[in-house]
Amino acid sequence: MDFGIKNRLSKIFNPKTGKTVMLAVDHGYFQGPTTGLRDMKNIVPLVPQADCLFATRGILRTSIDPAVRTSVCLRVSGGPSILGELSNEDIIISMEEALRLNASGVGMSIFVGAKNEDRTISNLGRLVNEAQRYGMPVLAITAVGKEMARDARYLGLACRMAAEIGANFVKTYYCEDFHKVVEGCPVPIVIAGGKKLPEMDALKMTSGAIKAGAKGVDMGRNIFQSDSPVGMMKAVRAIVHKGVSVEEAFEIYRAGGKSLSAETIDEKMEKA
Ligand code: 5RP
């Protein structure tokens, strides 16, 4: 890997911990105004808490302060809405646009086992070819159709394919025996949160993923749909970057991210 890719990856994965808390707010690109993202002002206090923001260009242009220190991973695939055939995605954003938006990475979905799996995989190959030229890391997202089992066998297949095609890191879903997914994938894995869960369950999932070898999260609904989005953000950060217990993280969430422990964790990270 050359300097450019490594330098950009260091804006996504905190070099002190090797891990990342990405905030996913790209849902509108196929779902429209998702609960919690209807008014994008809701995510303003969350953005500085994230290592990286996973977003579309439309949201960056309209709703994000360009002076923010948080890095950006740009969603570059799209096409179908939630009403259509989801696997019918293409690459819809140029590398030039990603560079203009100062992205530290670009992300697209692959749909292994779905109607258009082969096209989404060859799109990933083409994106990696182009991204390589510019030193741009590529995130492959293993989208799971309704009919697919979210198990280690399926997710392991999809993650390994993404890595073999050349993705620099992969986003997938947590599952039982998640360590098998991680062991079979030679590039870092981050987990999506999926549908909103009770906060304790979302924190258990985060902790389980990190213990199984995930390098972080690219989480959306379990943060911005929480009754305390900032609290959840800080709680997830504490698990990912400091390895705190689920119980400690839950306390941070309950205190709205304002507990002494949350402050202490952030201060320690600043000084580390
Ligand atoms: C949609 C995505 C989302 O960014 C991803 O699902 C993360 O969000 P959530 O934690 O809400 O699942 O990639 O394809």
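Predicted model: local features only at pLDDT ≥ 70, side-chain atom pairs only at ≥ 80, totals over all residues.

Me: Okay. Where is asparagine 102, then?
Reply: Asparagine 102 is in a loop. That loop runs between helix H4 (95–100) and strand S6 (105–110).

Me: Is asparagine 102 buried or exposed, and why?
Reply: Exposed. Its relative accessibility is 63%, and the cut-off for exposed is over 50%.

Me: What about the phi of asparagine 102?
Reply: Positive, about 60 degrees, although asparagine 102 is not a glycine. Most residues other than glycine have a negative phi.
Me: Which loop holds aspartate 177?
Reply: The one between strand S8 (169–172) and helix H7 (178–183). Aspartate 177 also has a positive phi of about 60 degrees, and it is not a glycine either. Aspartate 177 is partly exposed, because its relative accessible area is 36%.

Me: Switching to the ligand. How many residues surround it?
Reply: 15 residues do. The closest are Asp26, His27, Lys171, Gly220 and Arg221.

Me: What classes make up that shell?
Reply: Six residues are nonpolar, four are polar and five are charged.

Me: How far is aspartate 26 from the ligand?
Reply: A polar side-chain atom of aspartate 26 sits 2.4 Å from a ligand oxygen atom. For arginine 221, an N or O atom of the side chain is 2.7 Å from an oxygen atom of the ligand. Glycine 194 uses its backbone: a polar atom there is 2.8 Å from a ligand oxygen.

Me: And how much of the ligand does the protein cover?
Reply: 95%. On its own, the ligand has 370 Å² of accessible area.

Me: Now the largest nonpolar core. Which members touch the most others?
Reply: Val25, Ile43, Phe178 and Leu203. That core has 81 residues.

Me: What is valine 25 in contact with?
Reply: Leaving aside neighbours within four places in sequence, valine 25 contacts Leu37, Met40, Ile43, Leu53, Phe54, Ala55 and Phe224.

Me: Last one: where is threonine 20?
Reply: In strand S1 (residues 20–24). Threonine 20 counts as buried because its relative accessibility is 0%. Beyond four places in sequence, threonine 20 touches several residues, among them Ile12, Phe13, Asp51, Val190 and His241.

Definitions and conventions: Residues numbered from 1 in each chain as written. Heavy atoms only, no water. Near = heavy atom within 4 Å. Polar contact = N/O pair within 3.5 Å; in protein donor to acceptor, adjacent residues only side chain to side chain. Areas by Shrake-Rupley, 256 points an atom, 1.4 Å probe, with all protein chains shown as cover. Nonpolar A, V, L, I, M, F, W, Y, C, P; charged D, E, K, R; others polar. Core = buried A, V, L, I, M, F, W, Y, C linked by side-chain atoms within 4.5 Å. Buried < 20%, exposed > 50% of the residue type's maximum accessible area, 1.4 Å probe, protein only. Contact = heavy atoms within 4.5 Å. Helix = DSSP H or I, 4+ residues; strand = E, 2+ residues; numbered from the N terminus.
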